[in-house]
Amino acid sequence: MHCCLSSAHCDEIGLIPCPEARYNRSPIVLVENKLGVESWCVKFLLPYVHNKLLLYRQRKQWLDREALVDITCTLLLLNPDFTTAWNVRKELMQCGVLNPEKDLYLGKLALSKHPKSPETWIHRRWVLQWLQKECSPSGQEPKDQAEPRGDTVRRRQCERLQRALQEEMRVCADAAGRYPSNYNAWSHRIWILQNMAKGNLKVLHDELSSTRLWVSMHVSDHSGFHYRQHLLKALARELSQAGETELHPTQQPNGESTAGASDDNHHNDVIPQIFDEEMELCTDLIESYPGHETLWCHRRHVFYLWHQWRREHLQGAGSQSPPLTHTDVLLSEEPCDEASASQAMDIDCVLDRSKHGSYTQDIKRLKRGPLLPHPGLPSEHTFVSEILTGCRSPEQSRFAIAYRKWLDSVIAAKLPDVCHRILKGSPQE
């Protein structure tokens, strides 16, 4: 089996139902990079490689390194949750026998047949940490050689890590599609963001964009929506930190100081836009697929994250009392007036001249109605009322009523007085 993997780039492995050997031929079948194993041989092959590996670990039988690689490969493709085999491969990797990329490739094949295998995901994290250690600068080269060679080596190491990062995202997406609510795959994807792409805004934006279609096609898979919630929290945190860093003025050599207020305003405009798009996605999915509790739970979490970020943002700017704009209408009890709504329509509804008068994607979205303000209690109550008015599904009505109760009992009860003063102005007595 290891020979078949070495000779061809397989991307999937599976069992071929075959109770008994009918022909005098190999039970390993390779067709178009798909590796198949006839089921009759598993009951003979698996105990054989299992016993040989145990004898080796008990020091009762000697096996060379190539034999260990072959035996562990065969054993893990048939049973990827055998921890001892993964530990042997860790030792081989530490000895320099195994390549990290080849071991990740073996895990990818095992996940094509067993997409929820916890031991495989755990081993992948260990291998990725080993790969990061290999790509970290050693600092042992002489100073006269570090200058010319350092940039080339560093570039290759960055490209190697980048390829591993992209491959891991593809493996996670493939495993999530093979097994519904694959918590192990989505948790591994979060681990990748936290350890290999920490603070990388481009990766966070790309992930938020790439998983949009996936969750739209798996509306009952809570694990995928939980991953998007993690992305929203990470983006809000990173963008807020970037805005705070750029807000403080920096002294230039010529004595002039440059303030980052415009950059801070840019970051503060991006965050509401991200939450607006996510709430719009929730609205579309809830209306298109009624009766799915996962969608309502996701909407609740997204609105809570938006409310929490907006409250912290307003409290941080409360001492400065900035003038209100259309981005400061969260939790406002006064709806957006017609003038502002029509103005937003005039700004966004522009024909794409490069397409000879055709409509853009923004125009298609705005054909449903005027541009609404950022999510707030009034807009959420309006949404719930519209759902209840035209609802024919009892489950949809039950979820909508529960969501409205949550809005009144959790969000409305936690509104601080300072937010009301900032949003509404001083109360008139």
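**Close-up views of a predicted model**

**View 1. L305 and the residues it touches.** Beyond residues up to four places away in sequence, L305 touches Q229, L232, K233 and F275, where contact means heavy atoms within 4.5 Å. This is a predicted model, in which local features need pLDDT of at least 70, side-chain atom pairs count only at pLDDT 80 or more, and totals for chains, interfaces and linings use all residues. Residues are numbered from 1 along each chain as its sequence is written, and side-chain values use heavy atoms, with hydrogens and water left out. You will find L305 in helix α12 (residues 293–316); helices (H or I, at least four residues) and strands (E, at least two) are DSSP runs, numbered from the N terminus. L305 counts as buried because its relative accessibility is 9%; buried means under 20% relative accessible area, exposed over 50%, and partly exposed in between (1.4 Å probe, protein chains only). Although L305 and K233 are 72 residues apart along the chain, their C-alpha atoms are separated by 7.2 Å.

**View 2. F275 and the nonpolar cores.** Leaving out neighbours within four places in sequence, F275 is in contact with L232, A236, V302, L305 and W306. F275 is also one of the residues with the most contacts inside the largest nonpolar core, which has 87 residues; L53, L193, W296 and F303 are the others. Apart from that core lies another of 6 residues, among them W121, V171, C172 and A185. A nonpolar core here is a set of buried Ala, Val, Leu, Ile, Met, Phe, Trp, Tyr and Cys residues joined through side-chain atoms within 4.5 Å.

**View 3. Strand β3 and its partners.** Look at strand β3 (residues 34–38): 4 of its 5 residues are buried. Strand β1 (residues 12–16) runs parallel to β3, joined by 5 bridges, and I16 has E38 as its bridge partner. Strand β2 (residues 28–31) pairs with β3 in the antiparallel sense over 4 bridges, with V37 as the bridge partner of I28. Strands pair if DSSP finds at least two bridges between them. The hairpin of β2 and β3 has 2 residues between the strands, and there E32 takes a positive phi near 50°.

**View 4. The two sides of helix α15.** In α15, the buried residues are L377, E380, F383, V384 and I387. They cover an arc of only 125° around the axis, so they sit on the same side of α15; the arc is that of the directions from the helix axis to the C-beta atoms.
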